[in-house]
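This report treats salt bridges and helix packing, in that order. The structure is shown first.

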Amino acid sequence: MTGTGICTGRVAAVTGAGRGLGRAHALALAAEGAQVVVNDLGVAPDGAGSSAGPAQQVADEIRARGGRAVAHTGDITTTDGAASLVATALDAFGRLDTLVNNAGFLRDRMLVNLDEDDWDAVIRVHLKGHFLPLRHAAAHWRAEAKAGRTPDARIINTSSGAGLLGSVGQGNYSAAKAGIIGLTLVAAAELARYGVQINALAPAARTRMTERTFAGTMAAPAEGEFDAMAPENVSPLVVWLSSADSAGVTGRVFEAEAGRITVMEGWRPGPTADRKSRWTPAGAGEAARELLAAAGTPQPVYGAR
């Protein structure tokens, strides 16, 4: 493996690492010296089925390049699967330093056509699939800190522009990805005392999920041109956030696309009116109109017509 060695000696677990962004992150972490637990359930783009192949292939690829990796095919949306992810890192490499939560799939529908099962499945894999690995990794790191071995740990959560702005036809996915941002902020505040930093990333890249939904913008470039939508473009920021070099960075949300990195700024107070007493409905409406006129124009929802 070649690289600067920014993650030498660290152990990283990456969920959904059999393909797309997760695979790119796993390979990039290994190239920078990390030992990697490659998690993937091997499902179809809509979450159907399972296969041990994708996780094993990426682990084999890392080892073929001179790195160290093991495959993990447990379901991280279950307590047992999430706990075994942490246990696999400890058994294989003796420690865990970084968790990259990345697993997910899509079941896109307009809201009036969105079945309850499709809602539950997408919320489960994205939001619960972030919470459970985070919870089990955090419990391990808290125990280490209480034993006097305060870790220098990192969690990188995967949100989306859909979680920041919404995306037409992706109500379930947008809600889950917005929830991940909320989870990130709370976890960063709660776990700082145990030596854990948590940040979120909203990537834009060509994956099985995006190449169909946003086919026009995700098309591969002509030969010799910069592939702006290659998932490998996102991984350098993930590697840095995973490393000890990112000390002091926590509770932040980044966008990463092509050669661009953006620090996202969340909800902040805007124009305000205070009557110092209860409003009437008409008065509240008049004040709201005036405040909206003074406020900035929100960015459009993805896919809005």
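In this predicted model, Asp60 and Arg63 are joined through their side chains by a salt bridge with an N to O distance of 2.5 Å; the term denotes a side-chain nitrogen of Lys or Arg within 4 Å of a carboxyl oxygen of Asp or Glu. The two residues lie three apart in helix H2, so about one helical turn separates Asp60 from Arg63. Asp60 is partly exposed at a relative accessible area of 34%, and Arg63 is likewise partly exposed at 37%. Here buried means under 20% relative accessible area, exposed means over 50%, and partly exposed lies in between (1.4 Å probe, protein chains only).

Because the model is predicted, local features need pLDDT of at least 70 and side-chain atom pairs count only at pLDDT 80 or more, while totals for chains, interfaces and linings use all residues. Residues are numbered from 1 along each chain as its sequence is written, and side-chain values use heavy atoms, with hydrogens and water left out.

Over the whole structure, a search finds ten salt bridges. Among them are the following.

| Salt bridge | N to O distance |
|---|---|
| Asp60 and Arg63 | 2.5 Å |
| Arg260 and Glu255 | 3.6 Å |
| Glu257 and Arg260 | 2.8 Å |

Arg260 is partly exposed, its relative accessible area being 37%. Glu255 counts as buried at 16% relative accessibility, whereas Glu257 is partly exposed at 27%.

The packing of helices is considered next. Two packed helices are described by the angle between their axes and the distance between the axes. Helix H1 (residues 20-31) packs against helix H2 (residues 53-64) at an angle of about 25°, and their axes are 10 Å apart. H1 is therefore roughly parallel to H2, a term for angles under 35 degrees. Axes are lines fitted to C-alpha atoms, for helices over the stretch in contact, and angles run from 0 to 180 degrees between N-to-C directions. Helices are DSSP runs (H or I, at least four residues), numbered from the N terminus.

On the H1 side, Arg23, Ala26, Leu27 and Ala30 are in contact with Val58, Glu61 and Ile62 of H2, where contact means heavy atoms within 4.5 Å. The residues of this contact comprise five nonpolar, no polar and two charged.

How values were computed: Parallel < 35°, antiparallel > 145°, perpendicular 65-115°, else oblique. Nonpolar A, V, L, I, M, F, W, Y, C, P; charged D, E, K, R; others polar.
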